[in-house]
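Student: I have a new structure open and would like to walk through it with you. Could you take me through it piece by piece?

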Amino acid sequence: AECRNWTGDGCEPPSRVRGKNRDLCMKSSDDGGVSFGPLRVIARNAMEPMPVLDTLRGRILMNLNRVDTFENFQMYSYDLGDTWTALENITQFLPGGPYITGPGVGIQLKQGPFAGRLLFVGYTAPPAYVVRTWYSDDGGATYTLGRTALQNVSETQLAELADGSILAALRTDTPVTPYQIFSHSVDGGVTFGPQYTEKSLPSYRCMASLVAVGNASGTQLFFANPANTQNRTDGMVRRSADGGATWRSLPVTGPGQAYAYSCLGTLPMPGLMGLLWETNMDPRVCQGASCRVVFSAFDANF
């Protein structure tokens, strides 16, 4: 996650001075989220982390951006985040960039002709919001930029469906589209089809988390976002067993409670999923929907 020494973007501590510095920090848990170790800085002057577990090579690969230049970098961990390699600049592989990665996670494809591929996604900064994917078939030694430029969308999460296709959950800030936007890829993330609106999933100008759990014989999709068309409130987790055609719902917060960015993930305990999410706190200390980070575990079969 980002450790910031400046205010704004959903977090406004009174009398705190805005600056430009931010680092990448992490906490780790060895008991499925029951407890966490101390906060550690793993990269200075860096932002927008997007990690993926490379099961073929037994390491974590993280794509990220430098704060000063926005250039695209990467680093590896061979011990589940205890230590990390030096930053490597990968901007040369991404023409038209740099691209702001994340937030959230990348994915490794599990099936079909592109099994093993590492797939990331990012977007260009204002004034033109354009989403592009990039992928590596050699563990991050080289990258290829995807061919589709998704217009007027930004923060995106990807998930591999049971048939090997990829679903992209795209953020939009367009007031006339207060619902979740999706797009599909059937060629390993190289190209994506038309964007479409899912009106069963209300959304308000915020990143949404999307993960797939399973394999070709059966995949469950999990989706989390602020399920409100007017504010970053009403956190909701949803589950789909049919590739996103229909969804079951599990409230994370009460009506009107602040809920902003989030990240879903599997847990080592059978039948449980984890959710890291932002919310508010005592307004005398911090004002906004991103003042506090909460971890929750929930039954994956709701």
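Tutor: Let us begin with a term: a residue counts as buried when its relative accessible area is under 20%, as exposed when it is over 50%, and as partly exposed in between. Please also keep in mind that this is a predicted model.

Student: OK, so how many residues of strand E14 are buried?

Tutor: Strand E14 covers residues 156-160, and five of its five residues are buried, so by the cut-off of under 20% the strand is mostly covered.

Student: And which way do the side chains in E14 point?

Tutor: In a regular strand the side chains alternate between the two faces of the sheet. In E14, Thr156, Leu158 and Glu160 point one way while Gln157 and Ala159 point the other way, and all of them are buried.

Student: Which strand is E14 joined to, and by how many bridges?

Tutor: E14 is joined by five bridges to strand E15, residues 166-170, and the two run antiparallel. Within this pairing, Thr156 stands opposite Leu170 in E15.

Student: What lies between E14 and E15?

Tutor: The two strands form a hairpin with five residues between them, and Gly164 in the turn has a positive phi of about 90°.

Student: Which residues other than glycine have a positive phi?

Tutor: Asn45 is one of them, with phi near 50°, and Asn152 is another, with phi near 60°. Asn45 is found in the loop between E3 and strand E4 (46-54), whereas Asn152 lies in the loop between strand E13 (150-151) and E14.

Student: Are those two asparagines buried or exposed?

Tutor: Asn45 has a relative accessible area of 33%, so it is partly exposed, while Asn152, at 57% relative accessibility, counts as exposed.

Student: Switching topic: how many cavities of 30 Å³ or more are there?

Tutor: The count comes to one cavity of 30 Å³ or more, and the largest cavity has a volume of about 50 Å³.

Student: What lines the largest cavity?

Tutor: The lining includes Leu170, Arg171, Tyr179, Ile181 and Cys206. Strand E16, residues 179-185, gives the most to this lining, with three residues.

Student: How does the lining split by class?

Tutor: By class, the lining of the largest cavity has five nonpolar, four polar and two charged residues.

Student: Now the aromatic rings: how many pairs are there?

Tutor: The count comes to 13 aromatic pairs. In one of them, the rings of Phe36 and Phe295 have their centres 5.6 Å apart and their planes at 70°, so the pair is edge-to-face.

Student: Where do Phe36 and Phe295 lie?

Tutor: Phe36 lies in the loop between strand E2 (22-26) and strand E3 (40-43), and Phe295 lies in strand E24, so the pair ties together parts that are 259 residues apart in sequence. Phe36 is partly exposed, with a relative accessible area of 41%, and Phe295 is partly exposed as well, with a relative accessible area of 28%.

Student: And what about Phe182 and Phe223?

Tutor: Phe182 and Phe223 form a tilted aromatic pair, with 6.1 Å from centre to centre and 55° between the planes. Phe182 lies in strand E16 and Phe223 in strand E19 (residues 218-226), so this pair ties together parts that are 41 residues apart in sequence. Both Phe182 and Phe223 are buried, and ring pairs link Phe182, Tyr196, Phe223 and Trp247 into a cluster.

Student: Which rings have an arginine over them?

Tutor: Tyr135 is one, with Arg117 lying over its face at 3.9 Å from the ring centre, and Phe302 is another, where the charged end of Arg239 sits over the ring, 5.5 Å from its centre.

Student: One more thing, where are the cis peptide bonds?

Tutor: The peptide bond from Gly97 to Pro98 is cis, with omega near 10°, and a cis peptide bond also joins Pro126 and Pro127, where omega is about 15°. Pro98 lies in the loop between strand E7 (88-89) and strand E8 (100-101), and Pro127 in the loop between strand E10 (118-123) and strand E11 (130-136).

Student: Last one: is Asn301 buried or exposed?

Tutor: Asn301, found in the segment after strand E24 (292-299), is exposed, with a relative accessible area of 59%.

Notes:
Residues numbered from 1 in each chain as written. Predicted model: local features only at pLDDT ≥ 70, side-chain atom pairs only at ≥ 80, totals over all residues. Heavy atoms only, no water. Helix = DSSP H or I, 4+ residues; strand = E, 2+ residues; numbered from the N terminus. Buried < 20%, exposed > 50% of the residue type's maximum accessible area, 1.4 Å probe, protein only. Pairing = 2+ DSSP bridges. 1 Å grid on protein atoms, 1.4 Å probe; cavity = no way out; pocket = protein on both sides within 12 Å on 5 of 7 lines; lining within 4 Å. Points joined across faces, edges and corners; volume = space filled by probe spheres on them. Nonpolar A, V, L, I, M, F, W, Y, C, P; charged D, E, K, R; others polar. Phe/Tyr/Trp six-rings, centres within 6.5 Å; stacked < 30°, edge-to-face > 60°. Lys NZ or Arg CZ within 6 Å of the ring centre and 35° of its normal.
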